[in-house]
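Q: Can you walk me through a few features of this one? I have it open.

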Amino acid sequence: MAIFQARTWLSRSFTTLSSNPLRVCVVGSGPAGFYTAEKMLKAHQEAQVDIIDRLPTPFGLVRSGVAPDHPETKIVINQFSRVAQHERCSLFGNVALGSSVSLSELRELYHVVVLAYGAESDRSLGISGENLKGVYSAREFVWWYNGHPDARNLDPDLKSTDTAVILGQGNVALDVARILLRARTELATTDISRHALAALEESSIRKVYLVGRRGPAQAACTAKELREILGIHNLDIKIQETDLLLTPADEEELKSSRIQKRVYELLSKAATSKPAHACLNQRELHFVFFRKPDSFQESKDRIGHVSSVRFEKTVLQGVGPRKQAAVGTGQFEDTKCGLVLKSIGYRSIPVDGLPFDYQKGIVPNNEGRVLSDASGDSTLLEEGLYVCGWLKRGPTGIIATNLYCAEETVSSISEDLNKGVLVPSSILPKQGRDGLRQLLHDRNVRIVSFSDWEKIDTEEKRRGITVNKPREKLATWEELLKTASG
């Protein structure tokens, strides 16, 4: 009897739910977006999930952020593709939140809206000369060599200087240093963009400075990334041995972090190593510690171009248990260069109708539930609005970090549905996918579906075969949209 009742209840539920499914919209098709979609599809058998992205290409930073010489990291695209091909999932590419459709419109169309569009801007240093030619953010440079359509016209000048300064010593800083220093023949068989490879083949850069405010005990990179750049063939690593001297406070920090200790050991070993075969035009990588940028100096010969960076020397001061901050000493020095890449952090951008904590650069939230203001009052919730990824926690972590982040957000959604915080779809039907499609049609927005993306994917791979690359990326909006329409 109990089994019969259960079957009857399930039958009725699915009838109700299939006619009025839970309609979910995920904004952003990077790792945070796809992990959220995947977990929603698994947790809610009745849910219909739509993913929108402003680009005609999915996968976010997996496509435009992961270095071209790290193909193994991009394998996760296979998993995300399976999610996009799920019968209850649809991809709406070339749809920009804010211009194609507003947040308030999405909230009208869907029961649940999850914002996972990441961080597409940069932190600013706010120092003199930051707008000089030759000064770029690492994000722009990464987008440029990865074929992002917004960076196609960046055109950094790699010919007129032999020296690049990279501000920051995290993994992104190491990525861009590696791309500048690696043998072009090794890059030629990756999916690096054609225009970047051509520029790198003519590059005059032989010296790269990786500059950090603090010391080697606080370097922000991982041991894996550091080992890779230290292993570049015939690269001369230069580190001031006095910078490697540890204070008691440094030793305390290293005791509490196995990763930091390993990074410090690798740097110490590199300081005493020399390239096996010194050669003409020897490439050099300088790790510079205890320096913070004070200003960018303009060239006297090339008006409007950077010619050097003025650094202030720093010392460390304790600011808490096993935590030290860099403070200026009032001593300055200049480092000549013609290219500067600022790897000091990404920054998320708010949209109309979205509460935003400008100080932290995130959407105020409680376990993924968007709060009405940045005060942290968890009773002031934006019903049906959630957040995941960098927009939720800040630009930190690896791709897999977004998996746990998505689990937490989806758990909050499920909890709210169970508690009745969200109005059930059976009581309040929403237009969802059909409504969004109609709205975009009325505005003449060209939707790039996942099957359209597959046309781009096929064409890129076809072009790649002819030049012995995994793919030759289409790097302009015109090319991408034309191929998607083919």
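A: First a definition: the expected span of a helix is 1.5 Å times one less than its number of residues. Helices (H or I, at least four residues) and strands (E, at least two) are DSSP runs, numbered from the N terminus. This is a predicted model, where local features need pLDDT of at least 70, side-chain atom pairs count only at pLDDT 80 or more, and totals for chains, interfaces and linings use all residues. Residues are numbered from 1 along each chain as its sequence is written, and side-chain values use heavy atoms, with hydrogens and water left out.

Q: OK, how far apart are the end C-alpha atoms of α14?
A: They are 28 Å apart, which agrees with the 27 Å that the 19 residues of α14 (401-419) should span.

Q: Which residues of α14 are buried?
A: Among them are N402, C405, V410, I413 and D416. Buried means under 20% relative accessible area, exposed over 50%, partly exposed in between (1.4 Å probe, protein chains only).

Q: And what do the buried residues pack against?
A: Their partners include α2 (31-43), β18 (381-387) and α13 (390-393), with contact meaning heavy atoms within 4.5 Å.

Q: What comes just after α14?
A: G420, with a positive phi of about 80°.

Q: New topic. Where is V66?
A: V66 sits in the loop between α3 (61-64) and α4 (76-84).

Q: Why does V66 count as buried?
A: Because its relative accessibility is 11%.

Q: What is V66 in contact with, leaving aside neighbours within four places in sequence?
A: L61, T73, K74, N146 and I399.
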